[in-house]
Amino acid sequence: MKKDRPKKFNRDVSKHPALRRKWRLWLKHLKSNLTELLGDREIFWGLQDIAKENPDILTPGALFDWMCSNYTTSVAVGARRFTDQSKNSHSLWVMLYQILENPGVINRRAHISLYTKVTREMDMGNLTFNSVVGKGKDYLSQQQVRSDLRKLEVANERIKRFVNKRIAHFTNKGSIRKLPTFHELDNALTTIDELLCKYNLLLNAEGTTSMEATRQYDWTEVLNKAWIKTQDGLRHNKHA
């Protein structure tokens, strides 16, 4: 895969505050979108566990085949948005590319300034910057950003190709030798999650290990109810 990287760099540090403010706005939407995808993943694998305990519900398999197909398409398209390289896109890939374009925009001084409600004695700003960027480092290095960009691209490469060739466009089936697996979809989401947490910490001083939300209700409760209501013990097919 050909890597798209900046041909030149912006050295005007006066633009850095505006860039960081812009990316903070992007992060709000990126985090929200990822939380939804991770929630979908939770339900998908939860249903697989339920099916393993009760294999009778797998026959006939049309419903589960449909669910798996829709899950694959939905998550693939959702993950693809994070790697969109369109100039006007507010994707994670574009944000990392722009960070790479502006050396020094992620720096210790700006990060420390985010900890306005923490006492100086705690020194949380320096501690978190040390843990992510490195002790004694004043800036997030170009090498680290390049590495993160590459990590995002590699984890999503097959998924991006699948969306482009099979979902967004109709092309020869031979153009894709191997479809993405559920493991690859999981890995793509996990990689996006790790990178979002990292840059959310650097830009917002919000420490979290995942964007996955803890549900405030039991989503499996609906499965304990009869899905098809009958009269006199007979099922009535409205499509008959």
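Begin by selecting A205, which stands just after α7 and takes a positive phi of about 60°. Helices such as this one are DSSP runs of H or I with at least four residues, strands are runs of E with at least two, and both are numbered from the N terminus. The model is predicted, so local features need pLDDT of at least 70 and side-chain atom pairs count only at pLDDT 80 or more, whereas totals for chains, interfaces and linings use all residues. Residues are numbered from 1 along each chain as its sequence is written, and side-chain values use heavy atoms, with hydrogens and water left out.

Remain at A205 for a moment. The positive phi belongs here to a residue other than glycine, and A205 is partly exposed, with a relative accessible area of 22%. On this scale, buried means under 20% relative accessible area, exposed means over 50%, and partly exposed lies in between, with a 1.4 Å probe and protein chains only.

Next, select α7, residues 182-204. This helix has 23 residues and reaches 32 Å from its first C-alpha to its last, close to the 33 Å expected at 1.5 Å a residue; the expected span is 1.5 Å times one less than the number of residues. Of the 23 residues of α7, 17 are buried, and the helix is mostly covered.

Now move to H111, in helix α4 (residues 108-112). H111 counts as buried, at 1% relative accessibility. Leaving aside residues up to four places away in sequence, H111 touches G125, T128, F129, L201, L202 and A205, where contact means heavy atoms within 4.5 Å.

The peptide bond from T59 to P60 is cis, with omega near -5°.

A pocket is found on a 1 Å grid over the protein atoms alone, as an open set of points where a 1.4 Å probe fits, with protein on both sides within 12 Å along at least five of seven lines; lining residues have an atom within 4 Å of a point. The space in the largest pocket is about 450 Å³. Select I57, L63, F64, L223 and W227, which lie nearest its centre among 16 lining residues. Both α1 (16-53) and α2 (62-82) supply at least two residues of this lining, and α2 gives the most, with four. The lining comprises 13 nonpolar, two polar and one charged residue. In this division Ala, Val, Leu, Ile, Met, Phe, Trp, Tyr, Cys and Pro are nonpolar, Asp, Glu, Lys and Arg are charged, and the others, Gly among them, are polar.

The second largest pocket holds about 230 Å³ of space. Select L30, N33, G78, R81 and F82, which lie nearest its centre among 14 lining residues. The elements giving two or more residues to this lining are α1 and α2, and α1 gives the most, with seven. Here the lining divides into four nonpolar, seven polar and three charged residues.

Finally, display the whole chain. Its secondary structure comes to seven helices and zero strands. Of its 240 residues, 38% count as buried. Among contacts between residues at least 6 apart in sequence, 74% join residues at least 24 apart.

Technical notes. Grid points are joined across faces, edges and corners, and a volume is the space filled by probe spheres set on the points.
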